[in-house]
Amino acid sequence: MDKMITLWKFNDVLSLSYKIDSVSIVFLIAIVVLFACSGVYSIYYMKEKENLKRYYIVYMLLFFVLCAMSCAGNLFTFYLNYELMTLTSAPLVMHEQTIEARLAGFKYLIYSLMGAYCVLFGFYVLNKYCVSLDFTYGGTLNMAAVSEHQGLVLTAVFLMILGFGVKAGMWPFHSWLTSAHPIAVSPASAVLSGVIVKAGAVGIIRVVFFLAGKDFIDGTWVKMAWMVLILLTILMGSTLAFFEPVLKKRLAYSTISQVSYILFGLVTMTDVAYKGAMLQFIAHAFAKCALFLMAGLMIKISGSVYVKDLKGIGRKYPLLLWCFTICSLSMIGIPPTGGFIAKWYLIEGSLNSDYYNFPWSGPMFLLLSALLTAGYLLPIVLRGFFPGEEFEDNNIEKIKIPAYVYVSVIVLTAMAVLVGICPGIFVGGGM
Amino acid sequence: MNSLFGFGVSFALDGFKILYMAVSLFAWTMCLIFAPRYLGKEKHQGRFYVFSIITLIATLGVFAAGDLFTLFMFFETMSFASYVWVAQEENEKALKAADTYMAVAVIGGLVLLMGILLLYTNVGTLDLASLKEACATGGKYGKGRLYAAAFCMFFGFSAKAGAFPIHIWLPKAHPVAPAPASALLSGVLTKTGIYGIMIVSFYIFEGDALWGCFVLAIGLTTMVLGALLALFSIDIKRTLACSSVSQIGFIIVGIAVSVLLSEEGKMARYGTLLHMVNHTFVKICVFLVAGVIYQNVHKLDLNSIRGFGKNKPFLAVSFALGALSLAGVPGFLGFLSKTGMHEALLEIGGVLGSKLLLKSVECLFLFSGGCTLCYMLKLFVCVFVERNEDEKVMAGYLEKKPYMGMLQRAAVIIPSICVLALGIIISIKDEYTFYALHVLKGSFISIAIGIFLYFAMVRLLLMDKRYLDMWPKWLDLEEKVYKPFFGTFSTHVLGFEMRILDNMIDSTVVFLRKTMYKDLPLKEKNYEGTIFTHLFGHTVDVVNAKLKHEEVKYDYEHKMALKSMERQENVSLAKRSLSFGLILACLGVFLMLFFILYIVYLR
């Protein structure tokens, strides 16, 4: 499992090499399941759209690039695939080719490239101060070289966190998410929110835990600054989702906040919280992908992008809304879904850490965010099932949804629950 | 089941758990055999039964759980599944109440989770069997964190139990839920919250005076507040809901007393336990009676249902038995339980420190007991003794027609007979003599207060031929305090600041594009040539005009402009030519040469 496969070697730094480790596996599971499900879903959803050939080619390319990225064995390979991922996913955002779609796509590209350049700077610095750029848990920093230039290396690491954070929707460079998600076609936003956003988180894991090493970051200003950014993001995402009337935008804000849960687990830098981060990673991937797919269906059914028009949708589509309910519960963190177990470990980890006031502020932000999550997701569910006495379901037309679409959504939902019931499958034994 | 849910699920049983699992099963049986006729031809009956069963399983799970993790999982399932009960009717009121219920359930659940995690990180175990020993040392992070944990857990559990200040869901949810559901909500679901409070109090803070006093204060407030609210309400189910709040207050006081008395608190525990069982049975009986009224009249306010129970002795007897037991009249289970708590209450003077405090606590206890009798009497007299003002309606009530089914009769009478039977059996079997004069004194004082209150307050102040609606709207904590406060906070403070944060980068971009990177509009040239030619030519023109005393003509300006354009053309021609480039290149070469010479020779 630890064997590194090198495809091409230019010099010691620039070599394409691949390796599978614990992070890759989690990421790979998410990618494969998500792409399979939203691919099946696309067959139905994209039926009436144009340029299908382009869509599927780009979709498969993106799948390939993501798989390559998740197995990357060193920083160069990772960075290369990371950039390729940005470029291949942009056409999915712009697929509709309207003015808004193109603008959103450009915004996505510009933010992502800006982030990538921050990473590139860090790349140069780390190249000088690391023994090798191969990913090894615990870090590869050359401590003797670093000791004189600690400030520089810390800055570089922080810039890399910030750069990868652009993809992960970390404040302040999160706003591409809320532009790109509502515009992109539903399977594309599902993939965006499910794995591409997580690619940023994986990047941060690689840098912090596999190159710089958490002992190097722990207790420095980088941790402090990073933590503040994450806590802000968590609260901001949930609050704005709470006030957002457009369904897909609400889910996009929710992604901002939920992906920061993963980073929350990373910044805590305890083993338990790391486990929580990995569980949140996979549970959120499944649940949010399913939510976006269902949002696409709901918009098709109700003919409106607003949440308020989804009243009574559970009367005609009970199965759909049940899946939505379970995924929402996972988002909030209600047992027995994956989100609950993840949150349990995250809070436990942060309560065990003794860094500044983090044992108190961390859980409080998480719980406040969970409360807001309940506030923005549950009303959709509750009003969907209980629209009220006077409700007449005329505005909801009955369209025929083929069984395979349901299967794709149910598989994702079931996976989200499976993460909750048997977390040991996903984050290794000994749980 | 070690790796299930990552944490393992465990179950353990002891006397209390088995007792309450049996009581829950009994309660569910009664309510489910009552339900079919009550629901009649209503829509969406299927979901009512399905979610009742899910809630039953979850409730049994809460009582059977062997550790707090398992307990929490079942507790949350129970909270969410029981939402359907409250929202079942789907009218506007029901949905609003259901929203309140959900909000309290979610907030309570999250705070409870925080409490459990604080406890876990502090003492390292959640197993109920080993919790007591682990907490005795104060844990890894000290007693402060233990208090924080216990406080959070208390909040979470009391949200379900209905203790002040989060009792808000009870008076709203009970009237709108179907009667069997209200009976279960009040009779059993609140007890899961009480069970949690017992865990916190008995496992973590056995004998801790500070904790005991805190719980005592909450219990007393809940008890008195619930009793007073029940007096003012003229909706039968809301009265019963407020009564639940009050009785929960009694139970919490009982828990507080047992915490304060620690080892000697056997009597208090006994009384508390009996009162829990008593309350469950009574509430099932009286809520189902209210259900019978509702299924016939479809109204709940006292003025409309007044006189319904005339000529219905079966219903009257069942209700009376329940009401008397709740009020603690000798002979019933309620008398034993209240006496037990009262006797124990008299012994906490040593902990409280002052005699006056003890006396006032006792007074509140007896007063609330009196209120219990008073509002139950009010309901009984209204429904079963008085006649309706509207004679036509009264005639309808007096008509002989089937008003309840056989199964419903069983569901109503069995619990009320149980409280009487249990009251008699336990008082005979138990070694403690309940029927001694000094023991009966408390009960008699309470009954006297109740009767006095009924005639002084209900008949005089709250009635003017009709029952007056004196429900204190200003006491609605949710509408008056929570919603305005959190609403303002979330929209104006949180929402506003977060919006600023959200738009920071985007608005910076927009700002820059509007200022520094603005697309400059193409200037329309209103004159030819350059500024220099314009100024110079214009001056010449003006001077020329002044000298010749003529009007200003743009002669020279035009000529200058033409000249400058010609020059510009020449310059640009020259600039574009090869020779100009060569000249520049030569210049460059020369300059470089000089520079090299300067460096080589002159330095």
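**Exercise 1. B:His298**

Task: decide whether B:His298 counts as buried or exposed in this predicted model.

Solution. Start with the neighbour count: B:His298 has 9 C-beta neighbours inside 10 Å. A residue is exposed if the count is 12 or fewer, so B:His298 counts as exposed. Finally, look at the backbone, where phi of B:His298 is near 60 degrees, a positive value in a residue other than glycine.

**Exercise 2. A:Gln97**

Task: find where A:Gln97 lies, and work out whether A:Gln97 is buried or exposed.

Solution. First the location: A:Gln97 belongs to the loop between α3 (75–93) and α4 (99–129) of chain A. Then the torsion: its phi is near 65 degrees, which is positive although the residue is not glycine. Now the count: 11 other C-beta atoms lie within 10 Å of A:Gln97, so this residue is exposed.

**Exercise 3. A:Leu229 and its surroundings**

Task: determine whether A:Leu229 is buried or exposed, and which residues A:Leu229 touches.

Solution. Begin with the helix: A:Leu229 is part of α10 (residues 221–243) of chain A. Count next: there are 20 other C-beta atoms within 10 Å, and because 20 or more makes a residue buried, A:Leu229 is buried. Leaving aside residues up to four places away in sequence, A:Leu229 touches A:Met170 and A:Trp171. For a distance check, take A:Glu48, 181 residues apart from A:Leu229 along the chain: the two C-alpha atoms are separated by 42 Å.

**Exercise 4. Cis peptide bonds**

Solution. In chain A, the bond joining A:Trp171 and A:Pro172 is cis, with omega about 10 degrees. A:Pro172 is in the loop between α6 (150–167) and α7 (175–183) of chain A.

**Exercise 5. A helix pair in chain B**

Task: describe how α9 (residues 179–204) and α11 (residues 236–261) of chain B pack.

Solution. Two packed helices are described by the angle between their axes and the distance between the axes. For this pair the angle is about 20 degrees and the axes are 11 Å apart. An angle under 35 degrees counts as roughly parallel, and therefore α9(B) and α11(B) are roughly parallel to each other. Their crossing is right-handed. By class, the contact holds nine nonpolar, five polar and one charged residues. Among the residues that meet are B:Ile194 and B:Ile197 from α9(B), and B:Ile248 and B:Ile251 from α11(B).

**Exercise 6. Checking the length of α22(B)**

Task: what span should α22 (residues 531–548) of chain B have at 1.5 Å a residue?

Solution. The helix has 18 residues, which should span 26 Å. Its end C-alpha atoms are 25 Å apart, so the two values agree. Just after α22(B), B:His549 takes a positive phi of about 55 degrees.

**Exercise 7. Where the chains meet**

Task: which helix of chain B gives the most to the side that touches chain A?

Solution. The contact takes 31 residues from chain B and 34 residues from chain A. On the chain B side, α3 (68–81), α5 (92–123) and α21 (477–514) each supply at least two residues. Of the helices, α5(B) gives the most, with 11 residues. Sorted by class, the chain B side has 19 nonpolar, six polar and six charged residues.

Definitions and conventions. Residues are numbered from 1 along each chain as its sequence is written. Chains are lettered from A and ligands numbered from 1 in the order in which they are written. This is a predicted model: local features need pLDDT of at least 70, side-chain atom pairs count only at pLDDT 80 or more; totals for chains, interfaces and linings use all residues. Axes are lines fitted to C-alpha atoms, for helices over the stretch in contact, and angles run from 0 to 180 degrees between N-to-C directions. Helices (H or I, at least four residues) and strands (E, at least two) are DSSP runs, numbered from the N terminus. Angles under 35 degrees count as roughly parallel, over 145 as roughly antiparallel, 65 to 115 as roughly perpendicular and the rest as oblique. A crossing is left-handed if the near helix is turned anticlockwise from the far one by less than a right angle, and right-handed if clockwise. Two residues are in contact if their C-beta atoms, placed from the backbone, lie within 7 Å. Ala, Val, Leu, Ile, Met, Phe, Trp, Tyr, Cys and Pro count as nonpolar, Asp, Glu, Lys and Arg as charged, and the others, Gly among them, as polar. The expected span of a helix is 1.5 Å times one less than its number of residues.
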